Amino acid sequence: MLLLPSLFVFKGGYLQEVTGYVYLFLIQGYVAWFLFFKSGQPFFGYSVTMAIGAYATIVLTEMFQWPLFASIFIGAVLATVIAVLMFLSTSRARGFYVSMASFLLAILFPKLIEALQPITGGRSGLYFGGLTALVGYKTLYLLVIFLTAAIVAFFLWIMGTKTGRILTLISENDRLTQTVGLNTRKYKILAYSIAGFISGFGGALYVNYTGFISSVDIEVFTTLYIFFIPLIGGSKVFYGPVLGALFVILIPELLVPVERYLRIFFGLIFILVIVLLPEGLAPNIQKLLRKMNPKRA
Amino acid sequence: MILNGIITGLIMGGILSLPVLGVAVIYGITGIPNFAIGVIGVFGGFLTWYFLSFNMGIAILVGVVFCFAIGYIIQRILLTPISERGGDSTLFFIITVSLGFVFEGLMRAIFPRPSISLALPRIGTINIAGVTVEGFKIFALLFALGTLVIIRLLEEHTEIGKSWQATSQNLKLAKLIGIKTNRVFSIASGIGCALACVGAIFWGSLYNLNLMTGWDLGFLGFIIAVVGGIGNIWGGIISALIMGMVMSFSGYLLGGMWQSVILYFIVILVLIVAPKGILGSERSL
Amino acid sequence: MSEPILEVSGLTACYGMISALKGIGFYVNDNEIVGIVGPNGAGKTTLLESIAGSMHIKEGQINFLGHQIERWPVLKRRQLGLMLVPQEGNIFPLMSVKKNLEVSVILSNRAKKEELIDRVYKLFPVLWEKRRQIANTLSGGQQKMLAVGIGIASNAKIMLIDEPSIGLAPKLVTKLFETLKKIKEDTGKTIVLSEQNIKVLNIADRLFGLEAGEIRFDEKTENLSRDVVKDLYLGSIS
């Protein structure tokens, strides 16, 4: 939390644009942090919920002439519905198949956007004035920072409540939590709803800020990208995703001259991070953090 | 048109059964779901395309051998060590998908074109009940089925095959009686990737290969193999053929854009509707 | 007979924080049957698995045929002549009996292979009768025989067998033990078996008593009275 206002200082054009992206992906990163790492739900459809929020906002305002805020809200609701549906329909399967089904959805979705080209613009994308036209770029930038901080605060708050502790319990031992007599299904649906809504809202915010979205922006790589924000930064600590988002967004900016090698680089980084944490994803990450912290701070 | 669709479907399904078999070999023996094999196979297809003007035979050999080597190496230095430390499926899912991105990135970086089509000889035409089919397609189908039979025979009647079976059924005992299980894993992974490469070469000569084809082959291959039953090769072939029919007819009726949407939709549906059937399949070949 | 072929000293192994073996030291001579007795949780399985290499040890030395093998992988120990028949998961469940044995002779040369498989069939005629049957459709006793048969087929210098009598009817236990003795006498092999069954006294040359990860006694069988062993270390008595 304390880290966030310090970045208000950057108000120059380029730095502002880049940090804006950091915040927008930070929202998605915290969604992944909350749903995958803190609640233990093997969901990989972050790019889908984000895209639904984004596309619904554009399509509803531009094609159906809805008011902007109603469109954003409905977009977030739609993302919620998809996330919950994904959970409900796969709840009989084992975790691994849930990951796969949601990941396949992340592959399917850009294809669907391309197939629906007349509405969505497919690969050539859609332009969108939205909030930028309404309040101006600088105000929007501050709004993004403010909203990101609010969302992060919300996630921290919820993990501190009873609901949050039950979700932690579910992530640690699902069956035990059930035998204790808690209705884990109810809490999982709640987790998916929160994650879906915020991810959808974040997607809407994203498209308002960037003013453009195409099927290329929401390729399946994006979902992995989002997933690795908390993983790289450290999922045990609340500021982990912040480090992760800085890393994931700033490194490509530094690597612009060799952009064609970006995927190779990220694929290798992802694998290395996992291999350095032999006991799984969450444990030992603090040790890694201590190693990586001085380099990045 | 219906007959034409059926024949196309059979051929698509037959070619698809190669990566399916690749997945079945890898998952059946090592127990590791490898989603990168499709991308690696397509990478091999791109390599073959690159050397095709030089000499066809050598070009195919380069692709297939390269894929075998990559499969062998990633198993040896990455996947086996992680599985010895006790990695679960979700972890392997993330790792192999990341690996897929590395190879997709390599394809982007190395090859001049993102979408290719391999020009292999067509071997004349054959007339089946009024429909003209290229001899090459028939060859592709027969080759795919032949490979399945050969792998099955190898497994039943050779020492290597028996040690594969032993490794997949009881890893600990296989180690105790002196099977080099790590080598079995690496070879299985190599063969799986090589099969995916052969599949990709056929696919690329009949249709085309692009950066996404590898993901399609890998994920479809995995789902088909699992639905058909990892332990049941014929089940795998039948579901591959059915999938081929679905692809063929959805292509005819809806056009290319929708074809893959429909395909993934069906695959997700299968995962949702039949998780019990999927979970019930034996982990052995 | 006098020279130890397997010597273990200061062997320590842990499961997380709990130590299962606390500085075990013992030896095994050539061509003898050694029984490791003790109650459940004494560390018998851990000890055998540590020697075979499928359990990671913390400290200690294992000397086998003049080699320090405690850091060797399973395969290398197997090639040198060590074989463990585990208590559970000791057959290949979906292969026929015949294939189970065929795959177990993998390290032997071609001529030796058939001889070894024949030896198993001779010792356990029922396996010959059921050679085409899939292993997991055999009865519990037959599966046990197959497991020991796999051990014999491996032709290892030392065969470590983890609780062979568990789940067997008393009659079958006697028969199995007699077979083990016969193997020792006919082939000059060395057998180390962990046991809770008192009948082990009839075949073992020496017994080690193991309790809570420590050696309690190490005696020639003829010096041990049946009751002492029974009272102190044997759980189930049949």
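Trainee: Is Leu142(A) buried, partly exposed or exposed, and what count decides this?

Mentor: A residue is buried if 20 or more other C-beta atoms, placed from the backbone, lie within 10 Å of its own, exposed if 12 or fewer, and partly exposed in between. Leu142(A) has 13 other C-beta atoms within 10 Å and is therefore partly exposed. Please note that this is a predicted model, in which local features need pLDDT of at least 70 and side-chain atom pairs count only at pLDDT 80 or more, while totals for chains, interfaces and linings use all residues. Residues are numbered from 1 along each chain as its sequence is written, and chains are lettered from A and ligands numbered from 1 in the order in which they are written.

Trainee: In which helix does Leu142(A) lie?

Mentor: Helices (H or I, at least four residues) and strands (E, at least two) are DSSP runs, numbered from the N terminus. Leu142(A) belongs to helix α8 of chain A, residues 137–160.

Trainee: How should I read the strand order of the sheet in chain C?

Mentor: Two strands pair if DSSP finds at least two bridges between them. In chain C, six strands make an open sheet with mixed pairing, in the order β6-β7-β8-β3-β9-β10. Strands β6 (82–85) and β10 (214–220) of chain C each have a single partner strand, so one side of each is left without a neighbour in the sheet.

Trainee: How many bridges join β3 to β9 in chain C?

Mentor: Four bridges join β3 (residues 33–37) to β9 (residues 206–211) in chain C, and the two strands run parallel. Opposite Ile36(C) stands Phe208(C) in β9(C).

Trainee: How many residues of chain B are in contact with chain A?

Mentor: Two residues are in contact if their C-beta atoms, placed from the backbone, lie within 7 Å. By that rule, 33 residues of chain B are in contact with 36 residues of chain A. Helix α4(B) supplies the largest share of chain B's side, 16 residues.

Trainee: Which residues have the most contacts inside the largest nonpolar core?

Mentor: A nonpolar core is a set of buried Ala, Val, Leu, Ile, Met, Phe, Trp, Tyr and Cys residues joined through C-beta atoms within 7 Å. The largest one has 256 residues, and those with the most contacts inside it are Leu104(A), Ile40(B), Ala196(B) and Leu160(C). Helix α8 of chain B (residues 181–206) gives the most to this core, with 15 residues. Not counting residues up to four places away in sequence, Ala196(B) touches several residues, including Leu18(B), Ile40(B) and Leu217(B).
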